[in-house]
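Good morning, colleagues. Please look at the sequence and the structure on the screen while I go through the fold.

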Amino acid sequence: MNNEYYNTNNAQIYTQSQLDRRGLLHGGVRLSNLGIYRIVDEVPEYDPDLQTLDAGSVQASEDGETVRRVFTATYREFETVKSVLRQRVKARRRRVEEESGTTLNGMAVETDRQSQSMLNGAVEYLRRNPDATIQWQLPDLTFMTLDAAKVNAPGRRCRCPRPGLLCPAGSNLRRP
């Protein structure tokens, strides 16, 4: 809820604390009798990367206790919008590629964000305990036994933007 008030007498906007310091909120005074109305903002849905938000005029409401401040969204310059949209398309493609899954020794392995996190934990565990094995559940609900050799295999055949981290479709598992 907005805590701003509009004074129709001098076209000033006041905060709730400013009115409180003047003693106007607790004296039983009806603010509308003084020409002061609570502001209700009408903000349209907009994308801050592509649009700017401009405060419009203040308009009276039917209830007699509030005024409406109407905002308008205006698109940024064409080149800015174009650049932002290109970045979003690249990010979306990268994410789809990362989360589309991979195969490990002929078995399909999910690579969504949760699976990436779990696989990173498994890699770290097997890195610290090279003789250990882990039962990994596959998308078809069967299990595969993972050991350090199998987990390190994806690192030799997949691209990874940040070496040293396990990426969704495999990675460079060698630590820097």
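A60 stands opposite V67 in β5. The strands β4 and β5, the latter covering residues 66–75, pair in the antiparallel sense over 8 bridges; two strands are said to pair if DSSP finds at least two bridges between them. Helices (H or I, at least four residues) and strands (E, at least two) are DSSP runs, numbered from the N terminus.

Let me state the basis of these remarks. This is a predicted model, in which local features need pLDDT of at least 70 and side-chain atom pairs count only at pLDDT 80 or more, whereas totals for chains, interfaces and linings use all residues. Residues are numbered from 1 along each chain as its sequence is written, and side-chain values use heavy atoms, with hydrogens and water left out.

I turn to the sheet. An open sheet with mixed pairing is formed by 5 strands in the order β2-β1-β3-β5-β4. The edges are taken by β2 (12–15) and β4 (51–60), each with a single partner strand, so one side of each has no neighbour in the sheet. On average, neighbouring strands of this sheet are turned by 35° against each other, direction ignored; the axes are lines fitted to C-alpha atoms, for helices over the stretch in contact, and angles run from 0 to 180 degrees between N-to-C directions.

Strand β1 pairs with β2 in the antiparallel sense over 4 bridges, and T15 in β2 is the bridge partner of E4. These two strands, β1 and β2, form a hairpin with 4 residues between them, and in its turn A11 has a positive phi of about 55°. With β3, residues 36–42, strand β1 pairs in the antiparallel sense over 3 bridges; there Y6 has Y37 as its bridge partner.

Is N9 buried or exposed? N9 is exposed, with a relative accessible area of 59%; here buried means under 20% relative accessible area, exposed over 50%, and partly exposed in between, with a 1.4 Å probe and protein chains only. N9 sits in the loop between β1 (4–7) and β2. Not counting residues up to four places away in sequence, N9 touches L34 and G35, where contact means heavy atoms within 4.5 Å. A polar atom of the N9 side chain lies 2.8 Å from the backbone oxygen of L34. The C-alpha atoms of N9 and L34 are separated by 8.4 Å, with the two residues 25 apart along the chain.

Next, the hairpin of β8 and β9. Strand β8 (residues 134–137) pairs with β9 in the antiparallel sense over 4 bridges, and Q137 stands opposite F143. There are 5 residues between the strands of this hairpin, and L141 takes a positive phi near 70°. In a regular strand the side chains alternate between the two faces of the sheet.

Helix α3 spans residues 113–128, 16 residues in number, and reaches 23 Å from its first C-alpha to its last, close to the 22 Å expected at 1.5 Å a residue; the expected span is 1.5 Å times one less than the number of residues. Among its buried residues are L119, V123 and L126.

Finally, the chain overall. The protein chain has 4 helices and 11 strands, and 31% of its 176 residues count as buried.

Technical notes
A polar contact is a pair of N or O atoms within 3.5 Å; within protein, one must be able to donate a hydrogen and the other to accept it, and residues adjacent in sequence count only if both atoms are side-chain atoms.
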